[in-house]
Amino acid sequence: MQQVCLLTVVSLFVTSAQCKTPGLQTRITDRALEYATEVALDILSKQVTGQQIPDQHGQSGDVKFDITGMNVKQFTKPSSRVSLIQNVGLSWSTSGTGLAIHGDFKYKYRKGIIKISDHGSFDLKANGINFQVKIEIGMDGTGRPTMKAVGCSCNVGSADIKFHGGAAWIYNLFSGQLENKLKDMVGGGNGLLCKQLNTLIDVNGMKSLQKLPVTVQIAKRFLLDYRFLSKPSFQTKFMETYHKGEVYWNAVPVDAPFAAPPLLKSSDTSRMMYIWLSDYVFNTMSYNALKYNQLQYNVTNKDLPSGVLNTTCPQSTCIGKIIKAIGTKFPNTTVMLYMKSTSMPNMTVQNGSTVVNAAGDIVFFAQQPGGKYTYFLTLSATMSTTISLMIQNEKVFAKVLKLPISVTVKDSKIPVSPEGLNFIVKGIVSVFVEPKLNELGAAGFPLPVINSVHFTNTQLTVAKDTLLIATDLKYSG
């Protein structure tokens, strides 16, 4: 059974916190909820149509009757309204629902020596059905979202029954009682519609929430945490959720030693949803990558084209020809570069620009017979990488725009020229470092969204410490 889209939109993301600045925050506006209820009623119509209704037995005066084989043939979609209740959740109310029910009957009439029995079918039309249910939205002890239906009520305005077959004068003896029975079965807090709504929210909705990705593995080593920090907050025009938004080392999930910066303030409610993504998310990943030695790599000839790390070559583009001291001291071999970060790469988001600043060492080794390596040079390198960001398929993608790098000699066992070093390093950056960074950016950074909900008419704003995503939503269930 499909879940109601209202529940899906409410639970798109994960969090809430006033005690700690969130790394991710979402705002779901009344526009999103209005759209959600329209889709929800379409789903509810499919679930109610064809629904079997328990058999009924009764007596009215001298007539005993049995009503069997009842099922809902038609559901007329009502008008709908969702309002937000401060510190509680949502109130969903409808008016003008209609139901058409078909069933079979048989009766026995006995008065004195007169005995009559017959059977046939009937059609009931119930109109002016109104229902209201509150949806409490909170969090459990593990930071997952929860929802619960509270106080469902349903009222049936009128019911009209038509019998087919048998004696009409006998129907009049029990039709009123049957209409009331069927109205009670459809309406009331324990009637057909409220039972369906309670099931959708308490069972189907919670199953959906259990599948919501509140933690996401990245590269099998990192854990992206989107759990709630506290219960959501509710205002007149929107609800907001506050997520942890931190990346841990998967094997040792310990908080980073720095806090998330304040997120950009915005009062806009013109789109269905807003997502604030702090640069704290990236920086906590950088912190753990450095801490657990993930920001280091041995660059060899297999990573670069045309034997550029050879010390001897007929052409003029290998390292031994560009820096002659290397070719002279270590002929007929290859060079390995050990690249490592010496400080945590730091992302800064400001003034419409996203920049990642990084620093590291490039250590040069010459391969010797027997597989051993001889050290001969260390360079200090700094990079200030400008990247562009885009939103696609509910992920954040990145691409390098500028990757300037500057190097200085930190330690050297051979004489080297700055021009030769810059030529080699810039070549390594253009053919190895930049493609690797773009490969990572093309993999996309996942946002905590259910698969059946997609972004449309999306706008990305880059502001101080914050990526702000404003988007409308489309349900594809």
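**Domains, a strand residue and a helix**

Tutor: In this predicted model, domain 1 and domain 2 bury about 980 Å² between them, and carbon and sulfur atoms give 72% of that area.

Student: What makes up the contact, and which three residues of domain 1 supply 49% of the area it buries against domain 2?
Tutor: The contact takes 14 residues from domain 1 and 13 residues from domain 2. Leu-84, Ile-137 and Met-139 supply that 49%, more than any other three residues. The C-alpha centres of the two domains lie 59 Å apart, and the assignment places domain 1 at 49–210 and domain 2 at 215–467.

Student: Why is Leu-379 called buried?
Tutor: Buried means under 20% relative accessible area. Leu-379 has 0% relative accessibility, so Leu-379 counts as buried. Leu-379 is in strand β20, and among the residues it touches are Ile-362, Phe-364, Leu-421 and Val-425.

Student: Which residues of α8 are buried?
Tutor: They include Leu-421 and Val-425, along with Ile-424, Ile-428 and Val-429.

Student: How do you know that the span of α8 is close to the expected one?
Tutor: Helix α8 has 26 residues and reaches 36 Å from its first C-alpha to its last, against 38 Å expected at 1.5 Å a residue.

Student: What is found at the start of α8, and what just after α8?
Tutor: At the start, a side-chain oxygen of Ser-417 reaches to within 3.2 Å of the backbone nitrogen of Gly-420. The cut-off for a polar contact is 3.5 Å, so this pair is inside that distance. Just after α8, Gly-444 takes a positive phi of about 85°.

Methods
Residues are numbered from 1 along each chain as its sequence is written. This is a predicted model: local features need pLDDT of at least 70, side-chain atom pairs count only at pLDDT 80 or more; totals for chains, interfaces and linings use all residues. Side-chain values use heavy atoms; hydrogens and water are left out. Helices (H or I, at least four residues) and strands (E, at least two) are DSSP runs, numbered from the N terminus. Buried means under 20% relative accessible area, exposed over 50%, partly exposed in between (1.4 Å probe, protein chains only). Contact means heavy atoms within 4.5 Å. The expected span of a helix is 1.5 Å times one less than its number of residues. A polar contact is a pair of N or O atoms within 3.5 Å; within protein, one must be able to donate a hydrogen and the other to accept it, and residues adjacent in sequence count only if both atoms are side-chain atoms. Domain bounds come from an automatic or database domain assignment. Buried area is the accessible area (1.4 Å probe) that two parts lose on being put together, summed over both. Lists of a residue's contacts leave out its neighbours within four places in sequence.
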